[in-house]
Number of protein chains: 2
Amino acid sequence: MGTAASLRAKVITKPVAYEQGGVKLEGFLAYDDAKVSPEKKAPGVLVVPEWWGLDDYPKGRAEQLAKLGYVAFALDMYGAGISTTDAKKAGELARQFYGKPLMAERAQAGLDQLLATGLVDAGRVAAIGYCFGGSTVQALAYSGAPLAGIVSFHGGLIPVPADAAEKNKAKFLMCQGAMDPLVNKAAVDTFIQSMNAGKFDYQFISYAGAVHAFTNPEADKMAAANGMTGKIGYNAAADHRSWALMKSFFKEIFDQK
Amino acid sequence: MGTAASLRAKVITKPVAYEQGGVKLEGFLAYDDAKVSPEKKAPGVLVVPEWWGLDDYPKGRAEQLAKLGYVAFALDMYGAGISTTDAKKAGELARQFYGKPLMAERAQAGLDQLLATGLVDAGRVAAIGYCFGGSTVQALAYSGAPLAGIVSFHGGLIPVPADAAEKNKAKFLMCQGAMDPLVNKAAVDTFIQSMNAGKFDYQFISYAGAVHAFTNPEADKMAAANGMTGKIGYNAAADHRSWALMKSFFKEIFDQK
């Protein structure tokens, strides 16, 4: 049945209700049922949305990952059905988490859901995140979560906390826009110094001309609607390059020849 | 005959004598004659050695590139048969070129040899270089050479010269060791600022824990022999990651699906 099933391969997507800290959440699971089953587990990838919340963009990324053969779960940080296109509101939503244990705890609840599918090889799990979600996957790794790697796309940079170097299990791939005005040079320098001091296994790549949110095709529209033109914006070259680099990173950390 | 020929594929290597500025040079050509012929041209890759000169290391890289289907030419900067394992001598040899038009001119002579093979699709040519050779491929691009891209591995960084932004045709992939004591942070900052100001298409990646010469398996031995331990050294992870990234970059710039 193998070949015929592969030809009929299709990505299954479904909402998954769960709860953390008394907040009702709803994430988004995606996998290809011709490639993945409880008998044939696959590497898992957690997807953490931008500050806008769980809208179509992270769901689309989860579907792309499913097509690559991974079990993907786009988690919910804010609460079932809560997303916004308003930067002020997004800032308020995201601010609940920065600098607080809640950031890693809420993400861990999403990771638990990914593992609870029974479809994931628990030794081969990564987390990727965009913008606020990039910060979140850093925080999740720092908390000691069982991740082989994280990929932060235009994430806010969180320097290594005091006790994180010994807890962290993840390799870090950091994809940043070289012209990102929301993550300035001082923030980059501080982050890198802390990575070096903590002897993290990281790769940090800067993409020419890219500003914040460079992977999101909706970023220009979001920018125009929020007076953020020049601060956030799509960059096709940086998007394609960083996605290709992520795939190569996954092959390495999941030991796929 | 196609399939049978592919099965018998083998890499042809040969020395190529040429001359530049009155200096007799001898480069090293490598290609797979089952994949490449005058009727079936392939992308070409120029390889510029480290400051040690054209020893076995760059020749090995040329052979690896040939196995990937490219026509590779490891050029000679110093003169036929001149290479060294002594850092003081290497420094003297390299110093002839830094900051002088001769650096690009000598490299251009190598590029001319690559194109003169009749095996190369002239619209799809890149140059890669290591250490001193990384600097050299930057200088070659700045001179306006017809390159789709350059890859600099632990190269000394040359900030964009005054007239280079309009002459340059190449995309830049810069692979650097995050702990490289020979290319310090001030040099990196100055280089990146000049790239941004010149609106270059570049990617700049830093590899955790890697020092100078991180791609060269002989680097530890060279370090020990020259009192440079901790300054130059091999780093397998950074070597494999940067080589994979180069392959992905070539697919992009050579438009290979």
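Start with helices H2 and H9 of chain B: H2(B) passes H9(B) in a right-handed crossing, meaning that the near helix is turned clockwise from the far one by less than a right angle. The model is predicted, with local features needing pLDDT of at least 70 and side-chain atom pairs pLDDT 80 or more, while totals for chains, interfaces and linings use all residues. Residues are numbered from 1 along each chain as its sequence is written, chains are lettered from A in the order in which they are written, and side-chain values use heavy atoms, without hydrogens and water.

Select residues 56-67 (H2) and 236-253 (H9) of chain B; their axes come within 13 Å and cross at roughly 45°. Now show side chains: B:Arg61, B:Gln64 and B:Leu65 of H2(B) meet B:Asp239, B:Trp243, B:Met246 and B:Phe250 of H9(B), contact being heavy atoms within 4.5 Å. Four residues of this contact are nonpolar, one is polar and two are charged.

Next, go to B:His154, in the loop between strand S6 (149-153) and helix H6 (164-167) of chain B. Its phi is positive, near 40°, in a residue other than glycine. B:His154 has a relative accessible area of 0% and is buried (under 20%, with a 1.4 Å probe and protein chains only).

In chain A, select A:Ala213, between strand S8 (202-207) and helix H8 (219-225) in a loop. A:Ala213 is not a glycine, yet has a positive phi of about 70°. A:Ala213 is also buried, at 4% relative accessibility.

Technical notes. Axes fitted to C-alpha atoms, helices over the stretch in contact; angles between N-to-C directions. Helix = DSSP H or I, 4+ residues; strand = E, 2+ residues; numbered from the N terminus. Nonpolar A, V, L, I, M, F, W, Y, C, P; charged D, E, K, R; others polar. Buried < 20%, exposed > 50% of the residue type's maximum accessible area, 1.4 Å probe, protein only.
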